[in-house]
Amino acid sequence: MKSAIIAALIGSAAAFAPAQTGRAATAVSETKADLEVLAKKLNPVLGFYDPLNLAEAEFWGESNEATIGFLRHAEIKHGRIAMFAFVGYIAHANGFKFPWAMQMDGTPFPDANGNPPALWDSVSDDAKWQIFSLIGFLEFWSELSTPNHKHYMRGGKPGDYPDFVSGSEGIPHPVPFNLYDPFRFSKNMSEEKKESRLRAEINNGRAAQLGILGFLSAQCAEGSVPLLTGVVPHYDGEPMAPFVTNYMGEAFGMQ
């Protein structure tokens with residue numbers, strides 16, 4: 001959680017992921033049969049692997065097609081955040097940071113001696129709330145369903161992020177760039193190229209999820225990842241807690 005948030009706002013996954021999807025998302029794979037075909041393309045060796053039978057589930061009384069849309073979108077989104085986190089973790093572990101002040105009072109970006117989770121702990125709560133507010137807005141905007149953007153559980157494309165719309169039906173001020181492909185580099189890209197880049201993104205996202213969790217596991221439970229023993233520093237905090245202070249717990253007398 002911490003590394004994902006830090007990296008999503010500061011790090012860059014451009015070197016890790018060949019492309020985001022957004023407008024490059026393929027048509028929704030809305031049946032189990034479609035998922036089996038996609039799985040073979042993603043990993044011909046492993047193929048389709050679904051031990052929990054999620055491909056046959058119907059969450060919250062929705063149809064199976066809607067549930068598959070939800071699961072596909074969730075995986076793509078988690079993969080993107082994990083790629084940001086993985087690259088951001090490496091950047092912070094090696095001391096990369098912006099040279100200017102982080103806050104209006106002149107407070108610089110923290111260092112924490114190459115320990116990314118500890119670095120997040122040293123960020124002020126005011127700065128964290130600004131980060132969470134931006135994430136909250138991006139989440140809200142991603143869930144919009146408009147005539148030009150169908151929701152991923154209603155026949156839309158998993159992973160597709162809607163353009164920022166200005167005016168009376170959108171954001172009340174000009175927004176010159178979209179979150180996905182702000183410079184329109186993929187405008188003339190073929191559908192075949194877009195599909196291959198999406199598959200690469202999904203595979204990279206899966207690898208990044210394993211990678212970032214491996215880093216955190218090695219820091220919190222020494223020896224749990226033998227290859228990282230002695231490579232990453234120990235961390236005594238709570239990697240899944242957004243704040244050092246347990247604000248929710250304090251109301252119930254917990255620390």
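Is Lys 32 buried, exposed or partly exposed? I looked this up first: Lys 32 is partly exposed, at a relative accessible area of 25%. My cut-offs are under 20% relative accessible area for buried, over 50% for exposed and in between for partly exposed, with a 1.4 Å probe and protein chains only.

Ground rules for my notes: this is a predicted model, where local features need pLDDT of at least 70 and side-chain atom pairs count only at pLDDT 80 or more, while totals for chains, interfaces and linings use all residues. Residues are numbered from 1 along each chain as its sequence is written, and side-chain values use heavy atoms, with hydrogens and water left out.

**Salt bridges**

I found seven salt bridges in the structure, counting a side-chain nitrogen of Lys or Arg within 4 Å of a carboxyl oxygen of Asp or Glu. Side chains of opposite charge can pair when their charged atoms come close.

I placed Lys 32 in helix H2 and Glu 56 in the loop between H2 and helix H3 (64-93), 24 residues apart. Helices here are DSSP runs of H or I with at least four residues, numbered from the N terminus. Glu 56 is partly exposed as well, with a relative accessible area of 49%.

Glu 139 is partly exposed at 35% relative accessibility, and Lys 77 is partly exposed at 25%.

Arg 80 is in helix H3 and Glu 201 in helix H6, 121 residues apart. I noted Arg 80 as buried at 15% relative accessibility, and Glu 201 as buried at 2%.

**H2 against H6**

How do H2 and H6 pack? H2 (residues 32-42) and H6 (residues 191-220) cross at about 75 degrees, with axes 10 Å apart. That makes the two roughly perpendicular, a label for angles of 65 to 115 degrees.

For contacts I took heavy atoms within 4.5 Å. From H2, Leu 38, Lys 41 and Leu 42 meet Arg 199, Ile 202, Asn 203 and Arg 206 of H6. I sorted the contact residues into three nonpolar, one polar and three charged.

Conventions. Axes fitted to C-alpha atoms, helices over the stretch in contact; angles between N-to-C directions. Parallel < 35°, antiparallel > 145°, perpendicular 65-115°, else oblique. Nonpolar A, V, L, I, M, F, W, Y, C, P; charged D, E, K, R; others polar.
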